[in-house]
Amino acid sequence: MNQWVPPMTTVHIPVKIFTQLLPVAGYCLVSFAQVACAQGDPARGALAWQKNCTECHTVEKDDTGPRHAGLVGRRAGSVPGFEYSAALKASNFTWDAALLDRWIANPSLLVPGQAMDFKMGDAAMRADIVAYLMTLRAPK
Ligand code: HEC
């Protein structure tokens, strides 16, 4: 009858495993809010950026697209003198890692009516590019 009641020692084991796993789960959730659970590599990101973004963007100067220096922490659609789409100009948010990831994945999903003709399905490569973009400071 009482067979199902486990002795104290076997009760302790699952509790211990649970508390050991908790920090791992927490880490994943926290990172998820930033770059989809995968920390990007800025060096790999620099190469991927060269390949995918420099057709239209440079770091310091506006081109087909606005300059990328100082992107993180900048209000979207706010580089003075760059002719943004009405949609991006009217958007009201500041670039951070999570928003950049969503933008590169599918800009029209984030800002319908925007004018950047590009999207990237590869999440690992996006994480690398975002890690690189975060290293680009605004010029003084
Ligand atoms: C075919 C040209 C083209 C390519 C390739 C391209 N972009 Fe863009 N990008 C644009 C244009 C044009 C805009 C302005 C969009 C608007 O006004 O709606 C823009 C805007 C942006 C913005 C918004 C900046 C701001 O000031 O708000 C970010 C961020 C961005 N691009 C990142 C990237 C990244 C990262 C890549 C490479 C993975 C990339 N773009 C590739 C043309 C391009």
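P42, R44, G45, A46, A48 and W49 of helix 2 are in contact with M125, D128, I129, A131 and Y132 of helix 6. Keep this pair of helices in mind as you work through the exercises. The model is a predicted one.

**Exercise 1.** Describe the contact of helix 2 with helix 6 by residue class, and work out how the two helices are oriented to each other.

*Solution.* Begin with the classes: the contact has eight nonpolar, one polar and two charged residues. Next, take the axes of helix 2 (residues 42-53) and helix 6, which come within 7 Å and cross at roughly 100°. Angles of 65 to 115 degrees count as roughly perpendicular. Helix 2 and helix 6 are therefore roughly perpendicular to each other.

**Exercise 2.** Decide how far helix 6 is enclosed by the rest of the structure.

*Solution.* First, list the buried residues of helix 6: R126, A127, D128, I129, V130, A131, Y132 and L133. Then set them against the length of the helix, residues 123-133: eight of the 11 residues are buried, so helix 6 is largely enclosed by the rest of the structure.

**Exercise 3.** Find the buried residues of helix 4 and say how they are arranged around its axis.

*Solution.* In helix 4 (residues 97-105), the buried residues are L100, D101, W103 and I104. Looking down the helix axis, you will find these buried residues within an arc of 165°, so they line one face of the helix.

**Exercise 4.** Describe the surroundings of the ligand.

*Solution.* Start with the count: 26 residues surround the ligand, and the closest are C53, C56, G65, S85 and M116. Next, ask which elements give two or more residues to this shell; they are helix 2, helix 3 (86-90) and helix 4. Helix 4 provides the largest share, three residues. Finally, sort the shell by class: it has 17 nonpolar, seven polar and two charged residues.

Note on methods:
Residues numbered from 1 in each chain as written. Predicted model: local features only at pLDDT ≥ 70, side-chain atom pairs only at ≥ 80, totals over all residues. Buried ≥ 20, exposed ≤ 12 C-beta atoms within 10 Å, placed from the backbone. Helix = DSSP H or I, 4+ residues; strand = E, 2+ residues; numbered from the N terminus. Arc of directions from axis to C-beta. Axes fitted to C-alpha atoms, helices over the stretch in contact; angles between N-to-C directions. Parallel < 35°, antiparallel > 145°, perpendicular 65-115°, else oblique. Contact = placed C-beta atoms within 7 Å. Nonpolar A, V, L, I, M, F, W, Y, C, P; charged D, E, K, R; others polar. Near = placed C-beta within 6 Å.
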